[in-house]
Amino acid sequence: MIQIEKLRKVYQARGRTVTAVDGVDLTVDAGTVHGVLGRSGAGKSTLLRCVNLLERPDSGRVVVDGRDLLALPGGELRRTRQRIGMIHQHFGLLSSRTVAGNVAFPLEVMGVPRAERTARVAELLDLVGLTEHAAAYPARISGGQKQRVGIARALAGRPNVLLSDEATSALDPETTASILELLRDLNRRLGLTILLITHEMDVVRRICDAASVMRDGRFTESGPVRDLLLRPGSELARGLFPLPPPDPRPGTTLVDVTFEGDGADRPFVSALARTHDIDVNIVGGSVEQAGGTRIGRLRIELPGDPAANAAPLDYLRSSGLVVEVRS
Ligand SMILES: Nc1ncnc2c1ncn2[C@@H]1O[C@H](COP(=O)(O)OP(=O)(O)OP(=O)(O)O)[C@@H](O)[C@H]1O
């Protein structure tokens, strides 16, 4: 479990002060995957690097598995940090070592005896599907395989927590999907808690249980993915279900309807048309699997202005749908 309280990190660079993380609170429950989403410069990397103290926060608290990192004495801090794995966008492999040698490296640093190390490396390579490539050098393997080596290496110290710094940003979509699947699988099999940062909506959709949207060092929204997607005005929902900017026609009402699970199969559009004897025009929409559930977003146009549509809008709301009037 990761608990971050009022975390703040300020950089001074060339006479300029940048507040990269500006009082962030975050709890990542044990065994869940949490994604922090945001544009370049939002403060995501700084936040992530504060969780294993690669960056030292100016103030706030970072508690990992019940240990307050900023209060730990040196030796204990080092041992605790060894139990926090990290993977990176550009893998960071040692080119002079084989795949097995790269995975063995942190075990050597930890002083694990040779026989135990060999067995552990074999176990880790099996876990990430790289047994056959144990003797290959990084230059000879694909980007996806390199990230698998990165993951095996990060798991060497049997961490409960894995930090992922844009781990799939350098990969093509197909390889991205397979790496995300591997991370999801490891999260489930090992009960691994994963905190990842990304600028890709799709990463959140595919593997995150919860997410935060970061801008200018702060979270603008944060919570379980399902809850965020069902919240009117959610940036995450708008990003995952892109609809064109609303362009209402005079004398009509443009409505965005978000629905979950069964709602995706319920013919609420035809029911609305029938119940209120109106023509409903579907302008756009999509249905996605996200946050462990199926969520859809549909933009519809009703005849008449919003004031004239009070009853149909009430009908949609009382059907358990999330309704946002865009005109
Ligand atoms: N070592 C540093 N010294 C000075 N300023 C820094 C340093 N590291 C980051 N910053 C600044 O802090 C802000 C947040 O940067 P950060 O890298 O955390 O954002 P990010 O969301 O991860 O973006 P990116 O994806 O581009 O890395 C930016 O304005 C950046 O220029």
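**Figure 1. Residue classes in the lining of the largest cavity.** Six nonpolar, three polar and two charged residues make up the lining of the largest cavity. The model shown here and in the other views is predicted. The lining residues are Ser164, Glu166, Ala167, Thr168, Leu180, Leu183, Leu196, Ile197, Thr198, Glu200 and Val203. The elements giving two or more residues to this lining are α6 (173–190) and β8 (193–198).

**Figure 2. The part of β8 in the cavity lining.** Strand β8 supplies three residues, the largest share of the lining of the largest cavity. The space in the largest cavity is about 50 Å³. The count of cavities of 30 Å³ or more is one.

Figure 3. Cys50 is buried, at a relative accessible area of 0%. The closest cysteine sulfur to that of Cys50 belongs to Cys208 and lies 20 Å away, which is too far for a bond. A disulfide requires two cysteine sulfur atoms within 2.5 Å.

Figure 4. Cys208 is buried, and its relative accessible area is 2%. From the sulfur of Cys208, the closest cysteine sulfur is that of Cys50, at 20 Å, so the separation is too far for a bond. In the whole structure, the search for disulfides finds zero.

Technical notes
Residues are numbered from 1 along each chain as its sequence is written. This is a predicted model: local features need pLDDT of at least 70, side-chain atom pairs count only at pLDDT 80 or more; totals for chains, interfaces and linings use all residues. Side-chain values use heavy atoms; hydrogens and water are left out. Buried means under 20% relative accessible area, exposed over 50%, partly exposed in between (1.4 Å probe, protein chains only). On a 1 Å grid over the protein atoms alone, a cavity is a set of points where a 1.4 Å probe fits but cannot get out, and a pocket is an open set with protein on both sides within 12 Å along at least five of seven lines; lining residues have an atom within 4 Å of a point. Grid points are joined across faces, edges and corners, and a volume is the space filled by probe spheres set on the points. Helices (H or I, at least four residues) and strands (E, at least two) are DSSP runs, numbered from the N terminus. Ala, Val, Leu, Ile, Met, Phe, Trp, Tyr, Cys and Pro count as nonpolar, Asp, Glu, Lys and Arg as charged, and the others, Gly among them, as polar.
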